[in-house]
Amino acid sequence: MKEKDLLGLLYLPAEEIEELLNLGLKMKSILKNGEEAPCSLKDRRVITLFYENSTRTRCSFEFAAGRLGAQVVNISAATSSVQKGETLVDTGKTLDAMKTDFIVIRHPMGGAPALLAKTVKAHVVNAGDGMNEHPSQALLDMLTMKEHFGKIEGLKIAILGDIRHSRVAKSNLFGLKKLGAEVTMYAPKTLLPDGLDKMGAKICSSREEAVEGADVVMGLRIQLERQKSGNFPSLKEYAKFYGVNEEIMRHAKPHAIVMHPGPVNRGVELTCGLIDGKQSYIEDQVLSGVAVRMAILTLLNGEERSC
Ligand code: NCD
């Protein structure tokens, strides 16, 4: 990869996305078959610096780095010197002074990883910044699609849910459009930011329209922690009028798959039947997460190294 850091998919060239997905496919097959992974990160130090909660993203970055032979340390803002008033830039300088090679950062403020990247020598990987981007999530979503369908070009992906507060929706839109997919979106107006059509999304006026002929139907979590009240009457009504259920899925292609970045509000964005059903690829996405993060760390570091 040309850049030192992975901050988002908006400016990542299509060829680099393809390269990440191809290496991700190889890593996923290593994980599935229980094969030995390359030691590309031997003697490298990786810090996961999380200012927001996480289960999948943090764990999978840590597993990915560990599988590649790195030494991994986690810092949670709640137990670090951030609580004593240390700035992000000073935290970064401290980690740099320890000869840290990678800082994987999640932060509630959009732009925080970019600020950190400017001030440290370490490679910075954005693990989600506010409502801005979540590039590794979009890459893992694309990895699941590429593995399942053999390609991204020409696929139709319907994204429904809390798009306004979602960094996952934006990174997916940027990445999917670059690789030639069609992206449709639907949400209540209060959960849909302006300007997504200019970024290439087709904004639909009903669930049925968004899902019609889709290969992939992606639900997004209602992010109550980022909302003031009043975006919709109640979760029950959201599920009834905006959620994805078996009836809405009949509009998708018969072979369509259901995806969700997690964590899921069961019965709100998607029915329990869809989450646990045959079309669900939600668990597969989790394994893609470890694989694609192995690819990200490998390519930022340079190239694959065998043990
Ligand atoms: C997403 C996130 O944190 O942006 N989750 C994730 O990384 N798996 C989506 C969400 O929190 O709803």
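**Chat about helix pairs, a sheet and a salt bridge**

Student: Which residues in α3 meet which ones in α4?

Tutor: From α3 you have L88, V89, G92 and D96, and they meet A112, L115, L116 and T119 in α4. Contact here means heavy atoms within 4.5 Å, and helices are DSSP runs (H or I, at least four residues), as strands are (E, at least two), numbered from the N terminus.

Student: What sort of residues make up that contact of α3 with α4?

Tutor: Five are nonpolar, two polar and one charged. Ala, Val, Leu, Ile, Met, Phe, Trp, Tyr, Cys and Pro count as nonpolar, Asp, Glu, Lys and Arg as charged, and the others, Gly among them, as polar.

Student: Before I go on, what kind of model is this?

Tutor: It's a predicted model, where local features need pLDDT of at least 70 and side-chain atom pairs count only at pLDDT 80 or more, while totals for chains, interfaces and linings use all residues. Residues are numbered from 1 along each chain as its sequence is written, and side-chain values use heavy atoms, with hydrogens and water left out.

Student: OK, at what angle do α3 and α4 cross?

Tutor: Roughly 45°, with the axes coming within 9 Å. Axes are lines fitted to C-alpha atoms, for helices over the stretch in contact, and angles run from 0 to 180 degrees between N-to-C directions.

Student: How about α5 and α11, where do they cross?

Tutor: Helix α5 (residues 135-149) and helix α11 (residues 282-301) have axes that come within 8 Å and cross at roughly 115°. That makes α5 roughly perpendicular to α11, a label for angles of 65 to 115 degrees, with under 35 roughly parallel, over 145 roughly antiparallel and the rest oblique.

Student: Switching topic: how many salt bridges does a search of the whole structure find?

Tutor: It finds 14, each a side-chain nitrogen of Lys or Arg within 4 Å of a carboxyl oxygen of Asp or Glu. One of them is K28 with E147, the closest N and O atoms being 2.6 Å apart. K28 is in helix α1 (residues 14-32) and E147 in helix α5, so this pair ties together parts 119 residues apart in sequence.

Student: And the sheet of five strands, what's the order?

Tutor: The order is β7-β6-β5-β8-β9, an open sheet with parallel pairing. Two strands pair if DSSP finds at least two bridges between them. β7 (202-203) and β9 (257-259) are at the edges with a single partner strand each, so one side of each has no neighbour in the sheet.

Student: Which residue stands opposite M218?

Tutor: M259 in β9 does.
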